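Subject: Structure handover and notes

Hello,

Here is the structure we spoke about, followed by notes on what was found in it. Please read the notes with the model open.

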Amino acid sequence: MEAWLLDPGRGSLGRVDCEIPRPGPQQLLVQVRAASLNRGEFLGVAAGPPRPCGIEAAGVVVACGASASSLAGFELATGTRVMGRAAGGFAEFAIIDAHDVLPVPAELGWEEAGAIPIAYLVAYDMLAGHGALGKGECMLIAGASSGVGVACLQMGKALGAFVIGTSGSARKLERLVKAGLDTGICARGAEFEQAVRRHLEGRVVDLAINNVGGSALAACVAALRFEGRLAQVGFVDGVRTAVLDLEQLHAQRLHVFGVSNKLRSAAQRAATVRGFVHDMLPHVRSGTLRPLIDQVFGFSDLPLAREAMLADRHLGKLVIRMDA
Ligand SMILES: NC(=O)c1ccc[n+]([C@@H]2O[C@H](COP(=O)([O-])OP(=O)(O)OC[C@H]3O[C@@H](n4cnc5c(N)ncnc54)[C@H](OP(=O)(O)O)[C@@H]3O)[C@@H](O)[C@H]2O)c1
C-alpha cells in the first residue's frame, strides 16, 4: 500500500510503498477514505526515525480482530463504516484500536468523518469532562479558529453556553460569528492579554480553553471566575512555559487541567469515546455538530495541506481524501 511517513528530525514528508498492516485481536484494519490534519503532529516533534504520518482516519472495515466488536461496543464486520484515532491515517490502510473506534453515522460523508475523531474527542474531553460546561455558562476559547477551537465552539453552543473566541484574523472571526460565536476578540502575541482584558470588560469566564499556549495563559487565568476551570490543550505559539499567578489560582480556587491522551490507558480513552458516542453523536446526526471543513486535498497533496496548516490559512479542518 501507499503511505506517508513523517521524518520528525527534518520535519519532512515522504511517500512510500509498504506492507498492509495486520490487525491484532483488539484491532481492526480499515481501508481509509479520508483523514484530517492535526497541528500537534507537526509541532516540535521529537527526533527519531521516520514514522507513519496521520493520527486519525475514517474508512471501511476490511479485517477485524476476534475481540474487536465486544471491546468497541457495536457490531464490526467487513464493510462497517468507522472512524477513530489511527497511527498512520495518511495511508491506503490503517489500524484502529477497538477502544478508539466510533461508528460513522449514515448522515456523515467521508470527509466530515475524517475530521471528527481527534478534534471532537478532545473538545468533548474538555467540555464534558473536567470542564463540566453547563447551560448558560461562559466559555473563552483562545485560538477559536483552529480545528479544536471550532469543535469546542460547536459543542459549547450545543450545550447552551455563551462562547467568546480569539483569533489573530478579523476575517476568520467574521466567519466564526456566522458559525455561532457570540463574541470575537482579534488578538495574538504580545497584545493578547491586554486585548482580552479590554474586550471582556469585567465579564467572568467559567471555562477557558487554551489552544494557543504560553502567550495566552495569563489572559485565560485572569478571565476566570471563582472556581473557574482552565483546559490546557496546545502550544501553537511554541511557548511551552509561562508564569502562573498563584495568588489568583489560590484565592479563586481555580481548576487547571491538561488533556493529552499520550499517557492515558486504553480504557480511559475508551470512556471518552463511548461518552462522545452517547452524548454527541445524536448532535452529529441532527446536523448541529458538523466539522467545518476549510479545504479538501488529494492523497498526493499532503505536503500542500501541511503547508496551508502551518501558514494558518485555514479555519476549522483540512482534510485528505483518498481516491475512490
Ligand atoms: N488531545 C490533545 O491533547 C490534543 C488534540 C488535538 C489538538 N491538540 C492541540 O490543540 C492545538 C490546536 O490544534 P489544531 O490542529 O486544532 O490547530 P490548527 O487547526 O492548526 O489551528 C491553529 C490556529 O492557532 C492560531 N495560531 C497559530 N500560531 C499562533 C500563535 N503564534 N499565536 C496565537 N495563535 C496562533 C491560528 O489561528 P488564527 O489565524 O485564527 O490566529 C491557527 O490557525 C494544537 O496545539 C494541538 O497540539 C491537542
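**Ligand and domains**

The ligand is surrounded by 30 residues, and the closest are Gly40, Ser146, Ser167, Gly168 and Gly234; a residue counts as near a molecule or strand if its C-beta atom, placed from the backbone, lies within 6 Å of it. Two elements give two or more residues to this shell, helix H3 (117-128) and helix H4 (147-158). H3 supplies the largest share, three residues. Helices (H or I, at least four residues) and strands (E, at least two) are DSSP runs, numbered from the N terminus.

Before going further, two points on the source. This is a predicted model, in which local features need pLDDT of at least 70 and side-chain atom pairs count only at pLDDT 80 or more, while totals for chains, interfaces and linings use all residues. Residues are numbered from 1 along each chain as its sequence is written.

By residue class, the shell around the ligand holds eleven nonpolar, 14 polar and five charged residues. Here Ala, Val, Leu, Ile, Met, Phe, Trp, Tyr, Cys and Pro count as nonpolar, Asp, Glu, Lys and Arg as charged, and the others, Gly among them, as polar.

The protein chain divides into domain 1 (2-116 + 291-321) and domain 2 (120-258), with bounds that come from an automatic or database domain assignment. Their C-alpha centres lie 28 Å apart. Ten residues of domain 1 and twelve residues of domain 2 take part in the contact, where two residues are in contact if their C-beta atoms, placed from the backbone, lie within 7 Å. On the side of domain 1 that touches domain 2 there are four nonpolar, four polar and two charged residues. The ligand lies between the two domains, because both domain 1 and domain 2 give residues to the shell around the ligand.

**Two helices**

Helix H5 (residues 170-178) has Lys172, Leu173 and Leu176 as its buried residues. These cover an arc of only 100 degrees around the axis, so they sit on the same side of H5; the arc is that of the directions from the helix axis to the C-beta atoms. A residue is buried if 20 or more other C-beta atoms lie within 10 Å of its own, exposed if 12 or fewer, and partly exposed in between, with C-beta atoms placed from the backbone. The face of H5 turned away from its buried side carries the exposed residues Ala170, Arg171 and Lys178. The packing partners of the buried residues of H5 are H4, strand S10 (162-167) and strand S11 (183-186).

In helix H11 (residues 302-310), the buried residues are Leu302, Ala305, Arg306 and Met309. They fall within an arc of 100 degrees seen down the axis of H11, so they line one face of the helix. Strand S1 (2-7), strand S2 (12-17), strand S15 (293-298) and strand S16 (317-321) are what the buried residues of H11 pack against. After H11 comes aspartate 312, with a positive phi near 60 degrees.

**Strands**

S1 and S2 run antiparallel and are joined by six bridges; two strands pair if DSSP finds at least two bridges between them. Glutamate 2 stands opposite aspartate 17 in S2, and alanine 3 stands opposite valine 16 in S2. The hairpin of S1 and S2 has four residues between the strands, and glycine 11 in this hairpin takes a positive phi near 70 degrees. An open sheet of three strands has the order S2-S1-S4, with antiparallel pairing. Its edge strands, S2 and strand S4 (51-52), each pair on one side only. S2 is hardly covered, as the count of buried residues among its six residues is zero.

Strand S6 (residues 81-85), by contrast, is mostly covered, with four of its five residues buried. S6 pairs with strand S5 (residues 56-64) in the antiparallel sense over five bridges, and arginine 81 in S6 is the bridge partner of valine 60. S6 also pairs with strand S8 (residues 101-103), in the antiparallel sense over three bridges. There, methionine 83 stands opposite leucine 102 in S8.

Arginine 33 is found in strand S3 (residues 27-36). It counts as buried because it has 21 C-beta neighbours inside 10 Å. Leaving aside neighbours within four places in sequence, arginine 33 is in contact with Ala58, Gly59, Val60, Trp110 and Met322. Arginine 33 and alanine 58 are 25 residues apart in sequence and 5.9 Å apart in space, C-alpha to C-alpha.

Regards
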